[in-house]
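Subject: Structure for you to look at

Hello,

Here is the structure I said I would pass on. Please open it first, then read the notes below it.

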Amino acid sequence: QVQVAESGGGLVQPGGSLRLSCAVSGFTVRSYTMGWYRQTPGKERERVALIDINGNADYGDSVKGRFTISRDNAEETVSLQMTSLKPDDTAVYFCNRAYSSVTWGQGTQVTVSS
């Protein structure tokens with residue numbers, strides 16, 4: 001079954017760090033451009049970061065220099081290391097294939113608050 005499952009969210013203070021993980025099944029992450037996205041209530045889903053099959057990464061302007069996307073081909077996971085977190089980063093975070101998406105997972109909630 002083709003699916004993605006996100007984990008690693010939580011409550012963190014401003015300036016803190018979190019590492020999100022996305023486990024996939026039914027396909028191999030090395031064969032697809034993978035992305036992390038986030039969504040807050042009432043807003044459209046926003047693309048946060050992409051990593052292509054060659055390992056090249058691209059980031060949204062709001063997270064450049066703070067977030068790092070990576071891929072573990074052996075473990076079939078995609079991670080998002082988030083540092084210098086801000087309250088505006090509060091959202092539900094999702095991962096998916098960037099250009100041929102599968103059913104969206106439940107996401108993982110990230111809350112940045114003091």
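Buried residues account for 40% of the 114 residues in the chain; buried means under 20% relative accessible area, exposed over 50%, and partly exposed in between, with a 1.4 Å probe and protein chains only. This is a predicted model, in which local features need pLDDT of at least 70 and side-chain atom pairs count only at pLDDT 80 or more, while totals for chains, interfaces and linings use all residues. Residues are numbered from 1 along each chain as its sequence is written, and side-chain values use heavy atoms, leaving out hydrogens and water.

The chain has ten strands and zero helices. Both are DSSP runs numbered from the N terminus: helices are H or I with at least four residues, strands are E with at least two.

On overall size, the radius of gyration is 13 Å, which agrees with the value near 13 Å for a compact globule of 114 residues. That radius is taken over C-alpha atoms, and the globule rule is 2.2 Å times the number of residues to the power 0.38. Along the principal axes, the C-alpha atoms fill a box of roughly 40 × 25 × 25 Å.

Contact means heavy atoms within 4.5 Å. Among contacts between residues at least 6 apart in sequence, 53% join residues at least 24 apart.

Now the inside. A nonpolar core is a set of buried Ala, Val, Leu, Ile, Met, Phe, Trp, Tyr and Cys residues joined through side-chain atoms within 4.5 Å. The largest one has 27 residues, and W36, F67, I69, V78, L80, M82 and Y93 touch the most other members. Strands that each supply at least two residues of this core include β3, β4 (34–39), β8 (77–82) and β9 (91–97). The most comes from β3, with four residues.

Which strand holds L20? L20 lies in β3 (residues 18–25). L20 counts as buried because its relative accessibility is 0%. Not counting residues up to four places away in sequence, L20 touches residues that include W36, V78, L80, M82 and Y93. From L20 to P87 there are 67 residues in sequence and 17 Å in space, C-alpha to C-alpha.

Leaving aside neighbours within four places in sequence, M82 is in contact with G16, S17, L18, L20, R66, F67, Y93 and V110.

Regards
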